[in-house]
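Subject: Structure handover

Hello,

Here is the structure we talked about. Please open it alongside this note; my findings follow below.

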Amino acid sequence: MTQTMRAERFHAASGEVVVEDVPVPEPGPGEVLIEVAYCGICHSDLSLIDGIFPPQRDVVIQGHEASGVISKLGPGVKGWSVGDRVIPAAGRPCGECFECRRAKFTECLAVRLMAFAYDGAWAEFHVAQAAGLTRVPDNVSLQQAALLADAVSTPFGAVVRTGKVGIGEAIGVWGVGGVGTHVVQLARLVGAAPIIAIDLIEEVRERALELGADYAFDPGEDGLRDTLRELTGGRGLDVAFDVVGIPATFDQARKSLRTGGRLVGVGMSNQRIDIGTTSAFGLSRAQILGHLGYQNEDIGTLASLLSRGRLDLSRSVSAILPLEEVREGIRRLHEHDGNPIRILIQPGKGE
Ligand SMILES: [Zn+2]
Ligand SMILES: [Zn+2]
């Protein structure tokens, strides 16, 4: 095996993103070495570079939405073999907190996040814990598999776990880019109707209609609130997803709810939100729900849905770039160049 590998690393002190030679990591007890096939570029990766998220390490390999093939087993690893196609978990339980001490690792209060607390997968190789790996079904491509470790699983968590969207419920999705697109697809899968997409960009609205939205509107359209009521028999939305996370979208989404409807906040920014007076809030009986992430088991559920043809993510890979061009991928996502759903980095031969 080569002793060094190419890897993107973010240097916190200088704020630089550098592709450089680093030692190939060695899997420790309970760990595996994965030859990375693909790894997505996520907005949270940009947030580390932009200083919105504080750095947890001086130097770290970025990228947390990966797929690949096991190339080496660490000591004591059972149930996995070299050559297995896998998705690494995007986080590791801390092993020390209240929940970890009682073996509820999925409820860990201090999850260490891949690509922030430890090295990620914009690199030829990545070391992952064997516990938490998801096997990729034979008929699922490693390109689509790479989407599952956040880009599709976070929307899954928002629709299924936080929003608890039921069959026949009327939903609205503010922002149908990389995350919102998958909210639309998963809401369709669980039987929501109607599904209404709201986005500033016409091309993005068209795509949402093609991927399962029943209607798509510009947020600045006159009388939008009345239109949404008309489309829901005068009631308003059962569930509104704010995937953008700025006051304008949060407010419009909240005001579109039916009495007792749920607002799911998925998008994040550093801007403050206002939900009006406590009396109006009480009268509205609105449920305002913050959302983050997903459960690791959701990745396996999504892999099964892909394998069985219930979910089609063929539109979600917008571009594949070699590792040496990771900065170009970052730029495209930053500038919404081409309105990408997901840009994948391919560090090696891919699949
Ligand atoms: Zn992500
Ligand atoms: Zn813990």
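Strands β11 and β12 run parallel and are joined by 4 bridges. One of the pairs is Trp 174 with Ile 198, the latter in β12. Before going further, please keep in mind that this is a predicted model.

Which way do the residues of β11 point? Ile 171 and Val 173 point one way, Gly 172 and Trp 174 the other. All four of these residues are buried.

Helix α8 spans residues 247-255, and its buried residues are Thr 249, Phe 250, Ala 253 and Arg 254. Viewed down the axis of α8, they fall within an arc of 125°, so they line one face of the helix.

**The zinc ion, ligand 1**

Which residues coordinate the zinc ion (ligand 1)? The donors are Cys 42 through SG, His 64 through NE2, Glu 65 through OE and Asp 150 through OD. Their distances run from 1.8 to 2.3 Å. The site of this zinc ion (ligand 1) is tetrahedral, with angles of 97 to 122° among its 4 donor atoms. The spacing of the donor residues in sequence is C-x21-H-E-x84-D.

Glu 65 sits in strand β5 (residues 65-73), while Asp 150 sits in the loop between α3 (142-146) and α4 (153-162), so the pair ties together parts that are 85 residues apart in sequence. Both Glu 65 and Asp 150 are buried.

**The zinc ion, ligand 2**

The zinc ion (ligand 2) has cysteine donors: Cys 94, Cys 97, Cys 100 and Cys 108, each through SG. Here the distances are 2.3 to 2.4 Å. The 4 donor atoms subtend angles of 104 to 117° around the zinc ion (ligand 2), which makes the arrangement tetrahedral. In sequence, the donor residues follow the spacing C-x2-C-x2-C-x7-C.

Are Cys 97 and Cys 100 buried or exposed? Cys 97 has a relative accessible area of 11%, so it counts as buried. Cys 100 is buried too, with a value of 4%. The cut-off for buried is under 20%.

Cys 94 belongs to the loop between β7 (91-92) and α2 (98-101). Leaving aside residues up to four places away in sequence, Cys 94 touches Cys 100, Cys 108 and Ala 110. Cys 94 and Arg 112 are 18 residues apart along the chain, and their C-alpha atoms are separated by 6.2 Å.

**The β2-β1-β4 sheet**

An open sheet is formed by 3 strands in the order β2-β1-β4, with antiparallel pairing. The edge strands are β2 (16-23) and β4 (59-60), each of which pairs on one side only. Strand β1 (residues 4-11) is joined to β4 by 2 bridges. In one of the pairs, His 11 has Val 59 of β4 as its bridge partner. Helix α11 (residues 326-334) lies across β1 and β2 and runs at about 145° to β2.

**Backbone points to check**

Most residues other than glycine have a negative phi, and most peptide bonds are trans. Please look at these three places in the model:

- Pro 194: the peptide bond from Ala 193 to Pro 194 is cis, with omega near -5°. Pro 194 is in the loop between α5 (180-189) and β12 (195-198).
- Lys 164: phi is near 45°, a positive value in a residue other than glycine. Lys 164 lies in the loop between α4 and β11. Its relative accessibility is 58%, so Lys 164 counts as exposed.
- Asn 339: phi is positive at about 45°, although Asn 339 is not a glycine. Asn 339 is in the loop between α11 and β18 (342-346). Asn 339 is buried, with a relative accessible area of 13%.

Best wishes

Methods:
Residues numbered from 1 in each chain as written. Chains lettered and ligands numbered in written order. Predicted model: local features only at pLDDT ≥ 70, side-chain atom pairs only at ≥ 80, totals over all residues. Heavy atoms only, no water. Buried < 20%, exposed > 50% of the residue type's maximum accessible area, 1.4 Å probe, protein only. Arc of directions from axis to C-beta. Pairing = 2+ DSSP bridges. Contact = heavy atoms within 4.5 Å. Axes fitted to C-alpha atoms, helices over the stretch in contact; angles between N-to-C directions. Donors = N, O, S within 2.8 Å, 3.2 Å for Na, K, Ca; no water. Tetrahedral: all angles 85-135°; square planar, octahedral: opposite > 155°, others 65-115°.
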